[in-house]
Amino acid sequence: MSDTADERLDDRDGRILAGIAELYDEIDPPPARLADDVVFSLSLAALNAELASIERDAGVAVRAHAGTQTVTFSSSALQLMVTGSDENEGTMRIDAWVTGGGVTVELLEGTNSTPAVSDAHGRLVWRGVARGPIRFLIHPPGPDARPVLTPMIEL
Amino acid sequence: MTETAASLTDEAAWLFAEFRAGRRDRLDALVRLLTPTLWHLARACGLERADAEDVVQQSWMQLVAHADTVRDPQSVVAWIGTTVRREAWRVRRNQGRSIPVDEPPERADPTPDPGDLAALRESGTTLGRHLAALSPKCRALLRVVSRGGPPDYAALAESLGMPVGSIGPTRGRCLAKLRAALDADPTWSAP
């Protein structure tokens, strides 16, 4: 067999390469949601959001096996406290309190966003939330207020 | 998966230039265009699936953060591809995988995990069997280069740190070897 490495590529090479691409897409495909996740992460980054921190010293730290768990996030301007409790069908109800009324808070699960607006007492609630990693994006009122993004948590 | 005449590099260059000119929505299209290729690149660099996802994510963040430093939009595929390879190298070093040098290698040093080989062999295809018989470097090159058409080979090979000309316009050593093996195999139905 002569060495054909120096020959120009022909159609057959193109078909072999197409076959390789197809084979790898079959045996090791990119995760279906990878591109969506990237788009979403970039959109969050573009918000130039302030990152909230989790308050670890609070007496109501995450309790691993209890039916109810509470986590408090804080940023320079506000606090968000969230409590998750079990619902019937393996989903969760999430109650939250944010500093102030009329604040829009998005519950982010993967690339899904479910916004809610706090009532006059700063209360918010989401029902039927699937278990899994979640985070919150808070939009403080005011034209110049930076959005606040919490770290990911799993209640 | 069909490779069309449209060049990945050209389309990416156009979308990236538009993005830099203020069309933020073009970034989404660019991500969807290149992410599968970057995934295969990260995997060809020997990363586990979860690490490959992280590295692809990180590399996009870096591209957006350093968008102004990419001199020529035409080089955006090579730029982000190179970033993926460097990040992959860093991740593997931190995991204590055997990497003999302290700096990212100029050339690809892929050591795909054995799962890659097993999957190729278990694919039950003649092509998979012969790919598994190639060197890790050749396998990585062909896996990555196969994501684009002829105009993209140079950029894709460059992202792997492979010398330009390792494939295209000539066949190159890796593809020549694979093609010869396929030609000699009676179970291979020539496409």
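**Group meeting: where chain B meets chain A**

Hi everyone. Let's start at the boundary between the two chains: across the interface of chain B and chain A, the rule finds 12 salt bridges. Please keep in mind that this is a predicted model.

Here is one pair to find on your screen. Asp28(A) and Arg49(B) join their side chains in a salt bridge, with 2.6 Å from N to O. Which parts of chain B supply the side that touches chain A? The elements giving two or more residues are α2 (25–44), α3 (49–65), α5 (114–122), α6 (126–132), α7 (136–145) and α9 (172–183) of chain B. Sorted by class, that side of chain B holds 25 nonpolar, 10 polar and 15 charged residues.

Now for the whole contact. Chain B puts in 50 residues, and chain A puts in 39 residues. Between them, the two chains bury about 4000 Å², and 63% of that is on carbon and sulfur atoms. If you count residue pairs in polar contact between chain B and chain A, with both at pLDDT 80 or more, you get 21.

Next, let's go to the nonpolar cores. The largest nonpolar core has 61 residues, and the ones touching the most other members are Trp60(B), Leu131(B), Leu142(B) and Leu178(B). Which element gives the most to this core? That is α2(B), with 9 residues.

Let's pick out Leu131(B) and look around. Not counting residues up to four places away in sequence, Leu131(B) touches Ile20(A), Leu23(A) and Tyr24(A) in chain A, and Leu120(B), Arg139(B), Leu142(B) and Leu178(B) in chain B. Another core, of 23 residues, lies apart from the largest one; among its members are Ala52(A), Met92(A), Val103(A) and Val105(A).

You'll find Ser7(B) in the segment before α1 (8–20) of chain B. Is Ser7(B) buried or exposed? Ser7(B) counts as buried, because its relative accessibility is 7%, and the cut-off for buried is under 20%.

What does the side chain of Ser7(B) reach? At 3.2 Å it reaches the backbone nitrogen of Thr9(B). A polar atom of the Ser7(B) side chain also lies 3.0 Å from the backbone nitrogen of Asp10(B). Leaving aside neighbours within four places in sequence, Ser7(B) is in contact with Pro151(B) and Asp152(B).

Notes:
Residues are numbered from 1 along each chain as its sequence is written. Chains are lettered from A and ligands numbered from 1 in the order in which they are written. This is a predicted model: local features need pLDDT of at least 70, side-chain atom pairs count only at pLDDT 80 or more; totals for chains, interfaces and linings use all residues. Side-chain values use heavy atoms; hydrogens and water are left out. Contact means heavy atoms within 4.5 Å. Buried area is the accessible area (1.4 Å probe) that two parts lose on being put together, summed over both. A salt bridge is a side-chain nitrogen of Lys or Arg within 4 Å of a carboxyl oxygen of Asp or Glu. A polar contact is a pair of N or O atoms within 3.5 Å; within protein, one must be able to donate a hydrogen and the other to accept it, and residues adjacent in sequence count only if both atoms are side-chain atoms. Helices (H or I, at least four residues) and strands (E, at least two) are DSSP runs, numbered from the N terminus. Ala, Val, Leu, Ile, Met, Phe, Trp, Tyr, Cys and Pro count as nonpolar, Asp, Glu, Lys and Arg as charged, and the others, Gly among them, as polar. Buried means under 20% relative accessible area, exposed over 50%, partly exposed in between (1.4 Å probe, protein chains only). A nonpolar core is a set of buried Ala, Val, Leu, Ile, Met, Phe, Trp, Tyr and Cys residues joined through side-chain atoms within 4.5 Å.
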